[in-house]
Amino acid sequence: MTLFQRRFIFLLITFTGIILPLACYILYQSPGQGVPAASQAIEASPEAAVPGQAPLLTKPVIDKNLPELILVNKSVRMGAGQEPADLRAIHGVYLRQPAAVALQAMLDGAEREGIQGLVVYSGYRSYQTQVAVHANKIASLRSEYKEKAEAMAEKLVAPPGASEHQTGLAVDFTLKSFLDRDYVLNYDFANTAQGLWLRKNSWKYGFILRYDDGKEAITNIDYEPWHFRYVGLEYAKHIYELGVCLEEYLNL
Ligand SMILES: [Zn+2]
């Protein structure tokens, strides 16, 4: 036997006797290193959670005390002196800081997807402003509806303290092409490219369509395809997926 042959046999014994079993042992101990990605994904899913360990969080915890989940409606009103501390100017209106940041991201996102002409029409409104808005609405309906003007106005404009705009988390949109109309917030918005885009995508930026078609009996507000409410990313996603309004969501 030549020296070369002896070395070859030595290497063969070393490989099959030591290195190969060692490699098998390592692979067996850590399957994640040597198996396809799909198996790892199954291991990571909540269904495969080890008993005794908490499963992965699949939905956010609904905490009614979170500022972004504040509920304001005709039954739950804000006081005359309640004013958010972190209001900031954006696109001609005021919004609370997190909502303002999210609004800018949403407008940028819309533009990236070819959606143009969106106009931010209203944001924060103080209690006192709502007093004026409400009174003006009654006055404008008086000649047509006479003594029923108050009841009509109540359907169209929230009374003071009942407007979500006082939270600084609500925003109304209109279109450049609507600005020359008398009533810039109108139902045509629902079927425009901009209105449809907002309905489909606003949750990705933390906003929900607050007064949807079919929820009037619960929200006590007519369908408003232009009114969006900031609730934060995880809640907006959850609310969108469930197809519920904020009142329903907070009562889950
Ligand atoms: Zn509004």
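**A guided reading of the predicted fold**

In helix α9 (residues 233–242), the buried residues are Tyr235, Ala236, His238 and Ile239. A residue is termed buried if 20 or more other C-beta atoms lie within 10 Å of its own, exposed if 12 or fewer do, and partly exposed in between, with C-beta atoms placed from the backbone. Viewed down the axis of α9, these buried residues fall within an arc of 165°, so they line one face of the helix. The arc is that of the directions from the helix axis to the C-beta atoms. Among the elements that cover the buried residues of α9 are β5 (207–211) and α10 (246–250). Gly243 follows α9 and has a positive phi, near 70°.

The model is predicted: local features need pLDDT of at least 70, side-chain atom pairs count only at pLDDT 80 or more, and totals for chains, interfaces and linings use all residues. Residues are numbered from 1 along each chain as its sequence is written.

The chain as a whole contains 10 helices and 6 strands. Helices (H or I, at least four residues) and strands (E, at least two) are DSSP runs, numbered from the N terminus. Of the 252 residues of the chain, 26% count as buried. Among contacts between residues at least 6 apart in sequence, 67% join residues at least 24 apart. Two residues are in contact here if their C-beta atoms, placed from the backbone, lie within 7 Å.

Helix α5 (residues 127–145) and helix α6 (residues 149–156) pack at an angle of about 130°, with their axes 8 Å apart. That angle makes α5 oblique to α6. Axes are lines fitted to C-alpha atoms, for helices over the stretch in contact, and angles run from 0 to 180 degrees between N-to-C directions. Angles under 35 degrees count as roughly parallel, over 145 as roughly antiparallel, 65 to 115 as roughly perpendicular, and the rest as oblique. The crossing of α5 past α6 is right-handed; a crossing is left-handed if the near helix is turned anticlockwise from the far one by less than a right angle, and right-handed if clockwise. On the side of α5, the contact is made by His134, Lys137, Ile138, Leu141, Arg142 and Tyr145, and on the side of α6 by Ala149, Glu150, Met152, Ala153 and Leu156. The residues of this contact divide into 7 nonpolar, 1 polar and 3 charged. In this division, Ala, Val, Leu, Ile, Met, Phe, Trp, Tyr, Cys and Pro count as nonpolar, Asp, Glu, Lys and Arg as charged, and the others, Gly among them, as polar.

The loop between α5 and α6 holds Lys146. Lys146 has a positive phi of about 50° although it is not a glycine. Most residues other than glycine have a negative phi. Lys146 counts as exposed, with 9 C-beta neighbours inside 10 Å. Asn220, in the loop between α8 (216–219) and β6 (224–230), is likewise not a glycine and has a positive phi of about 65°. With 16 C-beta neighbours inside 10 Å, Asn220 counts as partly exposed.

Several residues illustrate contacts across the sequence. Asp172 belongs to strand β4 (residues 170–175) and counts as partly exposed, with 19 C-beta neighbours inside 10 Å. Its C-alpha atom is separated by 5.1 Å from that of Ser122, 50 residues apart along the chain. Leaving aside neighbours within four places in sequence, Asp172 is in contact with Tyr121, Ser122, Leu185, Trp226 and His227.

Phe189 is located in the loop between β4 and α7 (193–201), and its 23 C-beta neighbours inside 10 Å class it as buried. The C-alpha atoms of Phe189 and Pro225, 36 residues apart along the chain, are separated by 6.5 Å. Not counting residues up to four places away in sequence, Phe189 touches Thr174, Leu175, Gly195, Pro225 and Trp226.

Glu164 lies in the loop between α6 and β4 and counts as buried, with 23 C-beta neighbours inside 10 Å. Not counting residues up to four places away in sequence, Glu164 touches Val72, Ala170, Arg210 and Arg229. Gln116, in the loop between α4 (97–112) and β3 (118–122), is exposed, with 12 other C-beta atoms within 10 Å. The C-alpha atoms of Gln116 and Gln194 are separated by 7.3 Å, although these residues are 78 residues apart along the chain.
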